[in-house]
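Visitor: I'm new to this one, could you walk me through it?
Guide: Gladly, let's bring it up and go through it piece by piece.

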Amino acid sequence: MAVTKMMHLKQSSHLYNSLVYILEPSKTGGGLWVGGNSGNEPEEVYNHFMRTKKIYEKLDGRKAYHYVISFAPGEVDEEKAYKVIQDFCEAFLGDHYDYVFAIHNDHAHIHGHISFNSVSRTSGYKYQYRKGDWEKHIQPITDMVCRKHGLKELSYEKERVGRHYAEHLAEKRGRPTWKTIIKDDINYAASRASDFSEYLQEMKKLGYTLRMGNSRYEGEYITYYAPGSEKGRRDFRLGEEYKIAGIKKKIAQVELAYRPNYTPTLNRARVMSFARTQRKLSRYQVRKVGNLFRLANFRTLSRYDKKSHQVRRELLKVDKLQEECRYIIRNHIRAPTAMKERLAVVLDQERLLKEKERNLKAILGEPEASRYKSLVRLLEGVSREDDQAEEVIDALEALEKKVSYDLLLDNLAEVQNQLKDVRKEKAIVRRLSKDGEENKVREVLITPVLERR
């Protein structure tokens with residue numbers, strides 16, 4: 001599939017060298033596949049760009065922007081690639097910016113390069129690319145051009161995400177990785193779901209833990225924690241089709257693909273009796289679940305005892321008991337001693353998460369992080385036509401090269417959500433770890449009601 005990358009050039013020498021590379025005759029069929037509105041030779045295009053800058057007295061800062069659009073092998077030939085990039089330039093840049101583009105055919109995959117002036121030749125304003133602009137302003141143009149030429153939509157390579165070489169090699173050799181496993185499971189769950197909420201339930205049935213998040217640039221996203229994997233994967237790291245909108249699209253396609261014109265009939269049903277299910281439980285689990293069944297009777301009786309403040313207070317404990325029953329069944333806790341072991345694990349998880357939280361807060365509390373946050377706020381109030389915007393963007397990028405503060409803020413929110421869940425589990429485990437709790441529940445909750453009967 002076609003992929004778009006974007007870079008910017010800050011020095012005049014970088015601009016000239018970039019033009020030399022883009023317009024190299026050996027890569028462009030002897031100059032046959034070169035287009036634009038600023039010339040065909042590196043020196044000619046460079047002088048054209050600089051002339052516009054001198055007219056508006058804007059020789060400082062970013063000199064130009066450089067886009068690369070790559071196509072999959074066999075997806076297009078030189079002529080079609082030329083038309084695609086020509087249409088994109090006319091729609092995106094028009095007559096407002098000086099630009100040149102060229103198609104390179106020196107690799108198995110045909111790709112095009114676009115270089116355009118940072119200063120508009122019609123208004124004198126500098127082009128300011130900000131995070132999120134691709135999705136809002138540029139992606140709709142590329143989608144329109146691709147549809148016009150019968151191609152799949154372009155995807156934007158926002159940044160290279162670091163990963164282990166072993167994972168890269170495994171994918172290259174066709175071996176399964178956590179990333180490919182999660183994607184396969186998402187496809188399976190989407191194929192079985194009739195709506196998004198049912199899809200989430202299907203993923204949970206497969207053993208996944210799901211956490212919803214919200215990023216300033218990506219919007220709402222899901223982090224998938226696969227059973228057996230220590231690391232969560234955010235949906236936008238898996239690809240566009242695995243983001244929330246893409247999954248909803250998959251579900252809609254499945255629904256349209258299968259619409260039976262008859263009513264299915266049930267020929268045979270097998271009912272699993274509670275007695276058979278109960279035999280699989282340990283004595284500890286049976287006692288706990290038994291208390292819950294007795295409390296169902298207690299809840300019915302207490303409905304008629306409106307004047308008893310004690311009963312209403314004790315009813316608040318019913319939900320806690322239900323929560324505990326679910327916990328011991330789902331986590332296969334078969335004896336009271338297992339609770340103490342689980343408590344040690346939970347306390348260790350809490351300690352590690354608190355340490356992560358402290359470390360993240362320490363980094364985000366440093367002067368550079370505070371400056372990053374203030375620059376983000378400043379950029380939100382700066383007009384695109386203001387030259388100060390470029391200075392702010394450059395300062396933000398310089399800080400992002402040291403530490404990805406935006407990612408750190410998301411990580412802090414995620415760690416705090418995990419810490420909240422662990423503390424909730426700790427409260428349940430501590431309640432269950434108390435000696436003789438079942439007897440206490442029976443005596444405090446059930447016995448008084450039975451005596452009143």
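Predicted model: local features only at pLDDT ≥ 70, side-chain atom pairs only at ≥ 80, totals over all residues.

Visitor: OK, on to helices. At what angle do H1 and H2 pack?
Guide: Helix H1, which covers residues 12-22, and helix H2, which covers residues 42-55, pack at an angle of about 140°, and their axes are 9 Å apart. H1 and H2 are therefore oblique to each other, and their crossing is right-handed.

Visitor: Which residues in H1 and H2 meet?
Guide: From H1 there are Ser12, Leu15, Tyr16, Leu19 and Val20, and they meet Pro42, Glu43, Val45, Tyr46, Phe49 and Met50 in H2. Sorted by class, this contact of H1 with H2 has nine nonpolar residues, one polar and one charged.

Visitor: And H3 with H4, at what angle do their axes cross?
Guide: The axes of helix H3, residues 78-92, and helix H4, residues 133-148, cross at roughly 140° and come within 10 Å. That angle makes H3 oblique to H4, because only angles over 145 degrees count as roughly antiparallel. The crossing of H3 and H4 is right-handed.

Visitor: Which residues do the meeting there?
Guide: In H3 they are Val84, Asp87, Phe88, Ala91 and Phe92, while in H4 they are Ile138, Ile141, Thr142, Met144, Val145 and Lys148. By class, the contact of H3 with H4 has eight nonpolar residues, one polar and two charged.

Visitor: Switching topic: is Ile251 buried or exposed?
Guide: Ile251, which is found in helix H8, residues 244-257, has a relative accessible area of 4%. Buried means under 20%, so Ile251 counts as buried.

Visitor: What does Ile251 touch?
Guide: Leaving aside residues up to four places away in sequence, Ile251 touches Ala190, Ala193, Ser194, Asp195, Phe196 and Tyr199.

Visitor: And how far apart are Ile251 and Arg192?
Guide: In sequence, Ile251 and Arg192 are 59 residues apart, whereas in space they are 8.3 Å apart, taken from C-alpha to C-alpha.

Definitions and conventions:
Residues numbered from 1 in each chain as written. Heavy atoms only, no water. Axes fitted to C-alpha atoms, helices over the stretch in contact; angles between N-to-C directions. Helix = DSSP H or I, 4+ residues; strand = E, 2+ residues; numbered from the N terminus. Parallel < 35°, antiparallel > 145°, perpendicular 65-115°, else oblique. Left-handed = near helix turned anticlockwise from the far one by under 90°. Contact = heavy atoms within 4.5 Å. Nonpolar A, V, L, I, M, F, W, Y, C, P; charged D, E, K, R; others polar. Buried < 20%, exposed > 50% of the residue type's maximum accessible area, 1.4 Å probe, protein only.
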